[in-house]
Amino acid sequence: MGPLFIDLLGTELSAEEAEMLQHPLVAGVILFSRNYQDRAQLIELVRTIRAASKRRLLIAVDHEGGRVQRFREQFSAIPAMGQIANSANELGLSAVEWSKHLGWLMAVELRACNIDISFAPVLDINGVSDVIGQRAFSDKPEQITQLASAFIGGMSVAGMKATGKHFPGHGNVKADTHHLEARDNRSFADIQQQDMQVFATLIARNKLDAVMPAHVIYSQVDDKPAGFSKVWLQQILRKNLAFKGLVFSDDLSMKGAAVAGDHVARAKLALNAGCDLLLACNDREASISLLDGLDHTEVTDGERLVGKAYPPSWSELEAQAQYKEIAARAAKIAQMTSETNSL
């Protein structure tokens, strides 16, 4: 497969998009809320995406839980990762057990729609960041590692690979890289001992199939954002941490990526730095420029992210006692959260 993920404009595949999916540079599609109307429509959209290409495409979505969950109606409401410990207490479960259940629930519902991956889990620390916050499991690296490991275990049982983000850690950077250039001026030693500790431990335990670097400039290490940096991706991630999985760029359309030039320049810099797969979202003109402007690159290991065929259908999933129990627990937490927020 090629390196590029593209997005779609609506709830049906257009003729232009079907043509784009046949391009050899395309690895897959990332879906958004605008692509979702209901579950039946989503399943049909995924079917048409797959039918439009002669190759096995990867279909992905950001479906972490909390405020980052693209499909809501007819899907379980996955709580924010930062709420797992408290909601586990409400259910009389350990946080580790509940985290594993939620990883399974999130992944199994997407796999029932033939979606391969959710870009999860977030491994950042809940620090000063405006964009991370409750998306993080905790403000403590050890607890993040413990809960994320369980969440990944649940994902794996459901047939989904894990993508850890945002390497080496976005939680101690206040700026939102969707809209602003972001810098972290801490020393490498500080980053290594805090934020990066989570990634290092999970990589050593072979828990991460993919990693997504942050569009953050860690100025004491390199003058380029991590996703465009050979120092971060080749020296630190690949060599020092011995990461063997795939590296996704974060969205090349984000403001934090603009320091690298136009979209083609950003893509070339990301690939040269060590990214295997590229996300280009919310800018059709930019996606077309990438298809026209990039040399063909083959991602030989991309198919390792293909989801396992589990479960066969939503009807079979909904008949499972395990699914009924875990989905009911998630619904209970969602109701309690709604009632609390309305006070």
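User: Before we start, what should I keep in mind about the model and its numbering?

Analyst: Residues are numbered from 1 along each chain as its sequence is written, and the model is predicted, so local features need pLDDT of at least 70, side-chain atom pairs count only at pLDDT 80 or more, and totals for chains, interfaces and linings use all residues. Side-chain values rest on heavy atoms, with hydrogens and water left out.

User: Happy with that. Why is D62 called buried?

Analyst: Buried means under 20% relative accessible area, exposed means over 50%, and partly exposed is in between (1.4 Å probe, protein chains only). D62 has 13% relative accessibility, so D62 counts as buried. You will find D62 in the loop between β3 (58-61) and β4 (63-65); helices (H or I, at least four residues) and strands (E, at least two) are DSSP runs, numbered from the N terminus.

User: What makes K165 a contact of D62?

Analyst: Contact means heavy atoms within 4.5 Å. Leaving aside neighbours within four places in sequence, D62 is in contact with I30, V68, Q69, R70, S118, F119 and K165. The side chains of D62 and K165 are also joined by a polar contact of 3.0 Å. That term stands for a pair of N or O atoms within 3.5 Å; within protein, one must be able to donate a hydrogen and the other to accept it, and residues adjacent in sequence count only if both atoms are side-chain atoms.

User: How do you know that D62 is listed as a binding site?

Analyst: That comes from the record: an unreviewed UniProt entry lists D62, R70, R135, K165 and H166 under "binding site". UniProt positions are given in the numbering used here, feature names are shortened, and annotations may be inferred rather than shown by experiment.

User: Which residues does the record give as the active site?

Analyst: In the unreviewed UniProt entry, "active site" covers H178 and D250. D250 is buried, with a relative accessible area of 11%, and lies in the loop between β11 and α9 (263-273). Apart from neighbours within four places in sequence, the contacts of D250 are H166, M212, P213, H215 and L279.

User: What makes F167 and W232 an edge-to-face pair?

Analyst: Rings of Phe, Tyr and Trp (its six-membered ring) pair if their centres lie within 6.5 Å; planes under 30 degrees apart count as stacked, over 60 as edge-to-face and the rest as tilted. By this rule the count comes to 13 aromatic pairs. F167 and W232 form an aromatic pair at 5.9 Å centre to centre with 85 degrees between the planes, hence edge-to-face. F167 lies in strand β7 and W232 in helix α8 (residues 230-240), so the pair ties together parts that are 65 residues apart in sequence. Both F167 and W232 are buried.

User: What makes R39 a charge over the ring of W314?

Analyst: A charge sits over a ring if NZ of Lys or CZ of Arg is within 6 Å of the ring centre and within 35 degrees of the ring normal. R39 lies over the face of W314, at 3.8 Å from the ring centre. Ring pairs also link W314 into a cluster with Y36, F71, F75, W104 and Y323.

User: Last one: why are β7 and β11 called edge strands?

Analyst: Two strands pair if DSSP finds at least two bridges between them. An open sheet of three strands runs in the order β7-β9-β11, with parallel pairing. β7 (163-167) and β11 (246-247) each have a single partner strand, so one side of each is left without a neighbour in the sheet. β7 pairs with β9 (residues 210-213) in the parallel sense over four bridges, and T163 has A210 as its bridge partner in β9.
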